[in-house]
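This briefing covers a single protein chain, arranged by topic. Please read it alongside the sequence and the coordinates.

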Amino acid sequence: ATGLRPAGLRRATSASRRQLSLSAVQANPGAGQSGAGSGVEVAPGVVKEVLTASDGQELRDGDVCSVKFTGRIKSTGRTFAEGDRYQFTLRDGSMIRGWDDGIKTMRVGERARFDVAAGAAYGAKGVEPVIPPNADLEFDVELQAYLGNSQEIETLFDLDPFVPRSTRQIQQQYTDKLSKKAPERKGIQGIRDWLSNVYIFGFFTSETGEEAPWFLNPNITFPTLIVAVMATFYVLFTAGGITTRRDASVGIDTDSNTIKVKPATPEADKGS
């Protein structure tokens, strides 16, 4: 099983992490930034096209970054992952090589498109059903912010531009959140919305918006399983398959002040 994070970029196995880590190529931070519209190979299997140039801060290994991105299967154009203010650590071994090699060439404020060959992504096996085998990928990435370096703990999140710090900023963030809140729906849709917010159901909700087949939809399968278990227990209990029996009774003999265990009588069994 693969542990896909919101970005859909986490590697499938620890073995693949070691393999890609060993084959990672240090990209030139200035490569491919001569101007928009020119595709440049910045690392083996990674071609970069600058869409919006920037003279912002360059990146180094261990930097914690925030990006807005869309990932697509190049052959079909199907979006398999997207995110806004998605945070990750550059070259910490958690992302595919093509992603790290491409992002390493960017500057804060820059937007670029990357064509990533299968060999720099998920290889011959892919991550089905999300990523087909031997799939070339395309990423549209905007490098939003530098959030510190994981090797320098004192810098982490000190520079986070998304964290409101003043009273006015906090109030504005709250107002924006309320304005974006979808109106409450009623009926069947309202029940589905409520279920999706319950932890055990919402935990398995797709973050890309892609719905699972009905027989794999947790909003259907979990309630069905719970009802089935309760119905089975009820049938067994009413049919006599589940009984209670008292094999012995424990009492105190007041004459001798001792505890005595007496075998249960048939009448006691009926009473239980």
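**Overview**

Of the 272 residues in the protein chain, 30% count as buried. The model is a predicted one. Its protein chain holds seven helices and eight strands.

- Among contacts in the protein chain with a separation of 6 or more, 59% are between residues 24 or more positions apart.

**The sheet**

- Six strands make up an open sheet with antiparallel pairing, in the order β1-β2-β5-β6-β3-β4.
- The edges are held by β1 and β4; each has a single partner strand, so one side of each lacks a neighbour in the sheet.
- From one strand to the next, the twist averages 30°.
- In general, strands of a sheet pair through backbone hydrogen bonds, in either a parallel or an antiparallel sense.

**Strand pairs within the sheet**

- β1 and β2 (residues 46-52) run antiparallel and are joined by four bridges.
- Within this pair, G39 stands opposite E49 in β2.
- The hairpin of β1 and β2 has two residues between the strands, and G45 takes a positive phi near 80° there.
- β3 and β4 also pair in the antiparallel sense, over eight bridges.
- Opposite T70 stands E82 in β4.

**The largest nonpolar core**

- This core has 33 residues, of which F88, W99, L137, F139 and V141 touch the most other members.
- At least two core residues come from each of β1 (39-43), β3 (63-73), β4 (79-89), α2 (97-103), β5 (111-116) and β6 (137-149).
- With five residues, β6 gives the most to this core.

**R97 in helix α2**

- R97 lies in helix α2.
- Is R97 buried or exposed? R97 is buried, because its relative accessible area is 9%, under the 20% cut-off.
- The R97 side chain reaches the backbone oxygen of P44 at 3.1 Å.

**Backbone geometry to check**

- Most residues other than glycine have a negative phi, and most peptide bonds are trans.
- R91, a residue other than glycine, has a positive phi near 60°.
- R91 is found in the loop between β4 and α2, and at 19% relative accessibility R91 counts as buried.
- N134 is also a residue other than glycine with a positive phi, near 55°.
- The loop between β5 and β6 is where N134 sits; because its relative accessibility is 54%, above the 50% cut-off, N134 counts as exposed.
- Which residues does a cis peptide bond join? The bond joins E128 and P129, with omega at about 5°.
- P129 is placed in the loop between β5 and β6.

**Points to keep in view**

- For the sheet, the strand order is β1-β2-β5-β6-β3-β4, with β1 and β4 at the edges.
- For the core, β6 is the element that gives the most residues, and L137, F139 and V141 are among the members with the most core neighbours.
- For the loop between β5 and β6, the entries are P129 and N134.
- For buried arginines, the entries are R91 at 19% relative accessibility and R97 at 9% relative accessible area.

Methods: Residues numbered from 1 in each chain as written. Predicted model: local features only at pLDDT ≥ 70, side-chain atom pairs only at ≥ 80, totals over all residues. Heavy atoms only, no water. Core = buried A, V, L, I, M, F, W, Y, C linked by side-chain atoms within 4.5 Å. Buried < 20%, exposed > 50% of the residue type's maximum accessible area, 1.4 Å probe, protein only. Pairing = 2+ DSSP bridges. Axes fitted to C-alpha atoms, helices over the stretch in contact; angles between N-to-C directions. Polar contact = N/O pair within 3.5 Å; in protein donor to acceptor, adjacent residues only side chain to side chain. Contact = heavy atoms within 4.5 Å.
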